[in-house]
Amino acid sequence: MEVKVTYDGLRHIFELIKEKYTVISPVLKEGVIQLDSIEALEQLPSGYTQIEEKNFYSVKRSGEGIFSYQRPVLPFKRFINPPEFTFLVAKEENGEIKFEQKLPEKKLAFFDIKPCDLKAICILDDVFLNKNNHPDIYYKKARENIFIVAVTCFHPSDVCFCTSMGLSLKPEKGFDILITEIEDYFIVESGTKNGEEILKKIEGEELTEKDREKIKDRIKETEEKIKRAVNTDNLAKLLYSKIEDPYWKEIGERCLACTSCTQLCPTCFCFDIVEKNDPVNKISERIRVYDSCFSPTFATVHKFNIRQSIASRYRQWLMHKFAYWTDQFGEFGCVGCGRCITWCPASIDLTEEISRFRENDC
């Protein structure tokens with residue numbers, strides 16, 4: 001179902017969604033575009049945009065529409081697979097040990113999720129559910145409670161390389177509702193029955209062929225703005241052939257192993273499990289927390305770290321995204337959002353590092 005609406009129609013859609021869900025959306029807060037719950041459409045950072053480069057980030061006024069900004073600093077995944085959450089509680093009551101499983105219950109609507117973060121959620125769905133022989137019940141429950149409103153991306157930043165990773169600026173699936181902003185109106189389409197039920201309550205106009213041509217033109221113009229790219233042709237095979245390449249050491253001498261890239265990445269999913277014990281109240285909590293392949297203890301087996309050098313940890317991260325992931329799940333583990341480039345304190349740009357491996361390929 002497709003419909004053309006004004007800003008008032010868009011606000012009506014927002015209000016209908018808010019009746020059933022807590023809305024999570026990009027907001028401008030403390031000088032960055034981040035994620036938070038909102039109560040009104042006017043809380044979007046409309047008219048702002050980000051300036052991003054290697055190890056550089058700022059926000060400025062742009063006046064280029066309602067969805068003028070890029071994706072938020074942190075990905076939406078943190079609301080499905082949080083950085084830290086308790087999933088099991090053990091209590092002693094009347095001499096017996098009782099276990100209580102904790103499952104997420106809150107219904108959330110992701111409002112204005114760009115194609116890169118939308119694709120990342122689809123990738124995580126495969127990791128935790130669709131291509132997992134032991135589906136994650138906690139992720140599954142959280143995912144069932146999510147309503148997704150995606151937005152066609154017309155404002156990429158200078159670190160984006162999503163199109164080279166096979167993404168479309170106007171996603172075709174994975175959303176309940178998709179919004180495409182054209183001049184002073186919005187084209188809204190449903191991707192699920194839940195989305196269609198919302199749009200049935202909205203008054204709007206039918207799309208014309210001229211509207212469709214405008215979308216195609218805007219997409220083409222936007223694609224031309226994206227300058228960074230990763231050549232993915234036979235990339236996994238190339239990287240496998242470079243496992244012993246001395247260039248990894250050179251990268252390792254620059255990398256700080258700060259874990260910034262993995263914490264910001266919308267597809268990184270590694271976690272650890274810790275126990276929090278309260279002997280006084282006879283309660284023990286089992287907690288899942290983010291982990292990173294850059295952490296010194298991540299690859300420790302029987303008290304021995306099999307990846308002691310930073311070079312070996314960076315190699316593990318890059319190889320996983322562009323080689324191992326293809327073996328596990330049939331596609332790359334990178335969506336080209338560019339966050340790792342912006343927030344790397346050592347100014348390491350993975351698109352440049354992959355290009356250097358190609359340049360040195362014999």
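This is a predicted model: local features need pLDDT of at least 70, side-chain atom pairs count only at pLDDT 80 or more; totals for chains, interfaces and linings use all residues.
Let me start with Leu318, which, once its neighbours within four places in sequence are left aside, is in contact (heavy atoms within 4.5 Å) with Leu239, Trp248, Leu350, Ile354 and Phe357. Residues are numbered from 1 along each chain as its sequence is written, and side-chain values use heavy atoms, with hydrogens and water left out.

Leu318 and Leu350 are among the residues with the most contacts inside the largest nonpolar core, together with Phe110, Tyr314, Trp317 and Phe322, and that core has 73 residues. By nonpolar core I mean a set of buried Ala, Val, Leu, Ile, Met, Phe, Trp, Tyr and Cys residues joined through side-chain atoms within 4.5 Å, where buried means under 20% relative accessible area, exposed over 50%, and partly exposed in between, with a 1.4 Å probe and protein chains only. Helix 2 gives the most to this core, nine residues; helices here are DSSP runs of H or I with at least four residues, strands are runs of E with at least two, and both are numbered from the N terminus.

The C-alpha centres of the two domains are 25 Å apart, and their contact takes 43 residues from domain 1 and 39 residues from domain 2.

Coming back to helix 2, we find that Ile121, Leu124, Asp125, Phe128 and Leu129 in this helix meet Tyr139, Lys140 and Arg143 in helix 3. The residues of that contact divide into five nonpolar, no polar and three charged, with Asp, Glu, Lys and Arg counted as charged, Ala, Val, Leu, Ile, Met, Phe, Trp, Tyr, Cys and Pro as nonpolar, and the others, Gly among them, as polar.

In the loop between strand 8 (108-113) and helix 2 sits Lys114, which counts as buried because its relative accessibility is 4%. Again leaving aside neighbours within four places in sequence, Lys114 is in contact with Tyr69, Gln70, Arg71, Val151 and Cys153.

Finally, Val289 in strand 13 (residues 283-290) is also buried, with a relative accessible area of 18%, and its C-alpha atom is separated by 6.3 Å from that of Ile273, 16 residues apart along the chain.

Methods:
Domain bounds come from an automatic or database domain assignment.
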